Amino acid sequence: MHSDLPSPAQPLRIGTRGSPLALAQAHETRDRLATAFGLPPTVFAIVVIKTTGDDRAMIAADRPLKEIGNKGLFTKEIEEALLSGAIDIAVHSMKDMPVLQPEGLMLDCYLPREDVRDAFISPGFGGIADLPAGTVVGTSSLRRRAQLLHRRPDLQVVEFRGNLQTRLKKLEDGVAACSFLAMAGLNRMGLSGPHMTAIPPEEMLPAVAQGAIGIERREADARVAEMLAAIHDAPTDRRLAAERAFLATLDGSCETPIAGLAELDGDSLHLRGQILSPDGRRAFAGDRRGSVGDGAAMGRDLARTLLAEAGPDFFAWKAG
Ligand SMILES: NCc1[nH]cc(CCC(=O)O)c1CC(=O)O
């Protein structure tokens with residue numbers, strides 16, 4: 001194995017998007033590999049790959065991502081680089097990953113999960129419950145929009161994108177009273193402040209796989225598979241098995257109003273799931289408790305139950 005380890009002459013190439021969060025995730029992956037194998041950072045090369053989703057010309061800042069089409073928006077070019085051999089591994093936010101990988105690629109290494117919760121960001125208010133009727137809130141997430149409108153149909157939701165700094169500026173300019181981001185991203189970038197509060201999952205159930213980083217590789221690359229096994233986090237794997245089975249059975253993607261969270265308590269797994277109509281008027285939620293090895297079955301079962309409760313017309317909007 002040791003002769004197979006990366007060297008300065010033949011570094012392990014880590015593919016990533018160029019956003020600050022993506023780079024932080026790629027550096028975390030590099031540092032965990034370096035520590036696990038006692039290697040210097042110089043045997044890793046971080047390769048930034050521009051994806052369709054990063055192309056500002058194509059994506060006007062005020063155009064909802066769901067209108068542009070999200071299938072592989074942030075992953076296609078990176079997966080092509082893996083398949084062509086231009087990079088050896090690719091680091092992804094699991095929240096943005098489809099449940100199935102392209103032929104020849106494998107996604108079975110997860111880093112320890114960060115905070116799964118959403119953050120409430122506002123210079124003026126402490127939480128959702130404090131918002132007066134009619135308040136304008138900013139988010140580009142279809143899930144957060146639906147969840148907010150479900151609880152608070154009196155709120156007005158406007159499209160809101162950009163990094164934390166951009167959002168804080170917009171909030172200070174009065175474009176909206178508050179916004180939302182994943183705690184995981186803020187923590188991984190070392191951002192915290194008086195304007196940010198974690199929202200309990202009971203109040204806003206997070207997206208499936210929120211806070212989890214996955215590392216993709218070529219299926220046939222045994223050397224890389226062996227290296228990744230050393231940094232793989234099994235508890236995160238068990239939780240994502242339940243959440244992603246739930247998502248797969250619902251046939252959803254990251255831009256459909258679906259929420260899911262699995263938590264471990266010793267050998268038992270607790271899975272919560274929710275589906276909503278985009279306007280938030282209809283919502284179906286449920287949970288399952290079982291043993292840690294049964295996550296995928298629990299996820300499928302919960303999804304089928306919610307689909308049956310929602311009825312055949314519930315997902316009809318997806319076709320239109
Ligand atoms: N869809 C964008 C995206 N993908 C992953 C994260 C945050 C990090 C994570 O959940 O792991 C974000 C931004 C956000 O929701 O604030």
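Predicted model: local features only at pLDDT ≥ 70, side-chain atom pairs only at ≥ 80, totals over all residues.

Trainee: In β3, which residue is the bridge partner of Gly15?

Mentor: It's Ala90 in β3 that partners Gly15. Residue numbers start from 1 along each chain as its sequence is written.

Strand β1 (residues 12–16) and strand β3 (residues 89–93) run parallel, and two bridges join them. (Strands are DSSP runs of E, at least two residues; helices are runs of H or I, at least four; numbering goes from the N terminus. Strands pair if DSSP finds at least two bridges between them.) These strands belong to an open sheet of five, with the order β2-β1-β3-β10-β4 and mixed pairing. Its edges are β2 (44–48) and β4 (105–110), and each of those pairs on one side only. Ignoring direction, neighbouring strands here are turned by 30 degrees against each other on average.

What lies against it? Helix α1 (residues 20–37) lies across β1, β2, β3 and β10 (213–218), and α1 runs at about 155 degrees to β1. (Angles go from 0 to 180 degrees between N-to-C directions, using axes fitted to C-alpha atoms, for helices over the stretch in contact. Contact puts C-beta atoms, placed from the backbone, within 7 Å.)

There's another open sheet to look at: three strands, β11-β12-β13 in order, with antiparallel pairing. Here β11 (258–265) and β13 (283–291) are the edge strands, each pairing on one side only. Neighbours in this sheet are turned by 10 degrees against each other on average, direction ignored. Eight bridges link β11 to strand β12 (residues 268–276) in the antiparallel sense; for instance, Ala259 has Gln274 of β12 as its bridge partner. Packed on this sheet is α8, touching β11 and β12, with its direction at about 150 degrees to that of β11.

Follow α8 (residues 234–250) and you'll meet helix α9 (residues 295–310): their axes come within 7 Å and cross at roughly 35 degrees. Residues making the contact include Ala241, Ala245 and Phe246 from α8, and Met298, Leu302 and Leu307 from α9. Sorted by class, that contact holds ten nonpolar, three polar and four charged residues. (Ala, Val, Leu, Ile, Met, Phe, Trp, Tyr, Cys and Pro count as nonpolar; Asp, Glu, Lys and Arg as charged; the others, Gly among them, as polar.)

Methods
Contact = placed C-beta atoms within 7 Å.
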